[in-house]
Amino acid sequence: MQQSLEKQNEKEPPKIVARGVNVYYGEKQALFSVGLEVPPRRVTALIGPSGCGKSTFLRCINRMNDVIDGCRVEGFITIDGMDIFSLDAVGLRARIGMVFQKPNPFPKSIYENVAYGVRIHSLAKTKSDLDAIVHHSLKRAGLAREVSDRLHDPAYSLSGGQQQRLCIARAIALQPELILMDEPCSALDPIATARIENLIAELSRNYTILIVTHSMQQAARVSHRTVFFHLGRVIESGATNQIFTKPRRKQTERYITGRIG
Amino acid sequence: MSDDPHHINRTFDEELSRLHDMLLRMGSLVSQQLDSALDTFAITHERDARAELMDGIAQREKALNDLERRVQEMAINLAAKRQPMASDLRTIIVAMKVSDAFEAIGDHCASIAEKGSALMHSAYRKHFTEIAKPCACAAQMLEGVVSCCRKWDESLALKVWQKDRDINALHDALLQEFSKFMVKNPNSISSVVDFLSAVKYVERLGDRLKSIVEALYYEADGEIFAPPPLKPPLKAIGKGGGKVAINKVGTKKSDANKSGNRAS
């Protein structure tokens, strides 16, 4: 079943295609001709030492680098064949959910955190539609049961792990095409991490997920494909099983076995 | 072991090195066990020398059991603490397999020695020195295995892997020869059965050595070992100076080849 799903996804055109992506922060070049294909409805992990460019690449996809002074992006990135640089940045970001290292709920109630984007983008016609989207999103994020009797409590009253799941619920409420996660578990304890990882596995049935993680064990646990970045270049990408048992490139081997940092 | 530079965490290097040293120590002990096991089939032995021989075998068997337990414990601890990846993961998994195989080979050697010792007073004892042939093959395999453990050599490993077929061929030929021998000498049945079970232990020992080669191949290459096209096995029986002791019965070369084809 899993194998047939894998084959089916491999046959489909890639969700994201990047070719020759260079990123500069002022004079400093952070990415060097990065080329990558991301399959649909799979989890792709980006790994590599600090400063290798994995988060920079992630931020290229929803054009968050556009808002950084002095940052220049060159090259070619498409989502479903559409050049992201020809799209309106706000419209593009509405199609892409993003989850950050530290949970960043709005200073509003649990309900409002999920409802906010839905209202802004006019995705619900009626109050009951909105309620349904909020409930469905919280349920997908595995949070509905824990917060059902306190939807109007402040989001900050939740634990860190719950806040992160709320952020995921907030992202999926907008029915994004892909979800970007930048070290989503680095501030969480092992139990909260396990819940998020479980959620990632469930969401990957419907969403394309890109996750940046410093934990190689996490990349090995949650992803179908892994991409290894080093010094701003993609060194190797492949099936996660292959990368963590028999990487093709020496640099990958050295990094994942803790021989280079 | 990987040829890569050291781990950033040097204690991990030290732990892997200790694991590797324990495997080499096991290989050395097994090698001594095999020599001693074969010695028990020597025709003449003083009573004291034999007791010393058996005592040495018992001590080494205990040491092998102890080392196997330590390798397994260490491998489990390393897997839990270090969460190894890629070549480190393979090294640890293979260390468990190799230590298990070395320990089993040690057991087989002890069983061979028990049979050799039990046959000490057999009237047919001089015929049983034929066990030296499969034992010599096994010793060559073992030497190659220990060498590959020390430093991986794919071409040597493949030669060692193929050598198991020679042991199988020798085992089958001896089985055939001594079956006929028993028919002609009904009084020998009890002794020959002991002898043939010792030969069977050598054959099993060869299988274990072959499995170590396969594990080491996986460690080095990252791929599950795929058997290469096989050359014909050794034509040792009944050829030139390689006749079995009871050469009255003789063995046709074709018989040896036929039986050898079941290898692997």
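Colleague: What makes S1 and S2 of chain A paired strands?

Modeller: This is a predicted model, and in it seven bridges join strand S1 (residues 16–25) of chain A to S2(A). Pairing takes at least two bridges, so S1(A) and S2(A) count as a pair, and they run antiparallel. For one of the bridges, look at A:Val23, whose partner in S2(A) is A:Leu31.

Colleague: Why are S2 and S5 of chain A called edge strands?

Modeller: The open sheet has four strands in the order S2-S1-S4-S5 (chain A), with antiparallel pairing. Strand S2 (28–38) and strand S5 (82–83) each have a single partner strand, so one side of each has no neighbour in the sheet.

Colleague: Which helix lies across that sheet's strands S1, S2 and S4 in chain A?

Modeller: Helix H2 (residues 54–61) of chain A does, running at about 115 degrees to S1(A).

Colleague: How do you know which residues make up the contact between the two domains of chain A?

Modeller: The domain assignment gives domain 1 (2–95 + 177–256) and domain 2 (106–175). Residues count as in contact if their C-beta atoms, placed from the backbone, lie within 7 Å, and the contact takes ten residues from domain 1 of chain A and ten from domain 2 of chain A. Helix H8 (residues 190–203) of chain A gives the most to the domain 1 side, with four residues. By class, that side has eight nonpolar, no polar and two charged residues.

Colleague: What makes up the side of chain B that touches chain A?

Modeller: There, 14 residues of chain B are in contact with 13 residues of chain A. Helix H3 (residues 86–118) of chain B brings the largest share of the chain B side, four residues. By class, the chain B side has six nonpolar, six polar and two charged residues.

Key: Residues numbered from 1 in each chain as written. Chains lettered and ligands numbered in written order. Predicted model: local features only at pLDDT ≥ 70, side-chain atom pairs only at ≥ 80, totals over all residues. Domains from an automatic or database assignment. Helix = DSSP H or I, 4+ residues; strand = E, 2+ residues; numbered from the N terminus. Nonpolar A, V, L, I, M, F, W, Y, C, P; charged D, E, K, R; others polar. Axes fitted to C-alpha atoms, helices over the stretch in contact; angles between N-to-C directions.
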